[in-house]
Amino acid sequence: MDFNVKKLINDAGTALSRVVQLTEEKLGTSEKTELDAHFENLAERSDQTKLWTEKLLRNTEAVLTPNPGNRVEDYLFEKIEKKKPTRLTNLEYLGNDMIEAGNDFGPGTSYGSALIKVGQCEQRIGAIEKEFIASANHCFLSPLRKFLDGEMKTILKERGLLESKRLDLDACKSRVRKARSMLGQPPNAERDLRVAQSEYDRQAEITKLLLEGVNSSHASHLRSLHEFVDAQVTYYERCHHTMQQLKAEMQSLSGAPPASASSASFLHSSNHVGSQGGQGGPITPPGATASPSGGQRARVLCDYDAKDQSELSLMTDEVITVFKIPESEDYLMGERGTQRGKVPAVFVEFLN
């Protein structure tokens, strides 16, 4: 490979001269062209915007993707394949395990049935979470990244050029001062100074216009922030609605809520059988309190796992509604919310 040795020597000489010039400026032995106060305020505002935008971007990414390894993986995939990898959320993993555990324990058992219901809910919440992350990336993180990778990089580049022009200008001023102190003044010193001053002024104006554009970027970021808040509101509303539904289903499993229309329908069919067969009707032992549905409220004495689909699993101390089964003294018909099945009579006691 051919090298331009002369160019390399000139570049090295220029870099060394600028290091010396900056050192003299720091020590106060050399004059420095200062920018006006308005420009300095714009530059400071630009630095603050860059600093806080980077922090907001990092912190929001950490909230949306807590695992740092996943964030690195997402970054690499975006750079290489221009898309993020598809992965399950932690809630979806939890939901899958709950469903598998529920199926292993038995869907007919109280615990197994509850695990499956909660697992399905966790899967739904996980899917909602993924939709929120995608929405937040689109409406909030993408504009911030675009600003840092586009406009802010341009501003930094132009500010670097301005600093280079300033150093050239101050170097020309120094040469002119030295030339004027000598008997013979180099004829090109004044011309070089005028050219350097013109280039510096032009670059300062370009940089100033870019810095003033940061205010419009703030307005754009504000709109993105509003969209981010809207996405959060939607996310939490959907999660709340899903969890409220789960709560109602879990309460129905324990028999807490009042009887539903399905229990009334079952009671009607039981009464109809009793009237046709001359026997039946709900149990109402002496001193016991009847439930609003016409059945008898009873407390479960100990856990019971259903042997088949015709039976109802029981949990200790839960309250269920029971009905007499015609021609059966060992079993009662138990009802818990929308669930119904036979239960051994010895596993329950009637509530007074």
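I take buried as under 20% relative accessible area, exposed as over 50%, and partly exposed as in between, with a 1.4 Å probe and protein chains only.

I am reading a predicted model, where local features need pLDDT of at least 70, side-chain atom pairs count only at pLDDT 80 or more, and totals for chains, interfaces and linings use all residues. Residues are numbered from 1 along each chain as its sequence is written, and side-chain values use heavy atoms, without hydrogens and water.

**Salt bridges**

I counted a salt bridge when a side-chain nitrogen of Lys or Arg is within 4 Å of a carboxyl oxygen of Asp or Glu. The structure holds 13 of these.

I looked up Lys50 and found its side chain in a salt bridge with Glu54, at 2.8 Å from N to O. Both lie in helix α2 (residues 37-64), four residues apart, about one turn of the helix. Lys50 is partly exposed at 23% relative accessible area. Glu54 is partly exposed too, at 25%.

Next I checked Arg336, which meets Glu318 in a salt bridge of 2.8 Å, N to O. Arg336 lies in strand β3 (residues 331-336) and Glu318 in the loop between β1 and β2, so the pair ties together parts 18 residues apart in sequence. Both Arg336 and Glu318 are buried.

I also noted a network of salt bridges linking Glu163, Arg166 and Asp170.

**Helix packing**

I then turned to helix α5 (residues 110-181) and helix α6 (residues 189-212). They pack at about 160 degrees, with axes 8 Å apart. That makes α5 roughly antiparallel to α6 (angles over 145 degrees count as such). By class, their contact has 14 nonpolar, four polar and 11 charged residues.

Key
Axes fitted to C-alpha atoms, helices over the stretch in contact; angles between N-to-C directions. Helix = DSSP H or I, 4+ residues; strand = E, 2+ residues; numbered from the N terminus. Parallel < 35°, antiparallel > 145°, perpendicular 65-115°, else oblique. Nonpolar A, V, L, I, M, F, W, Y, C, P; charged D, E, K, R; others polar.
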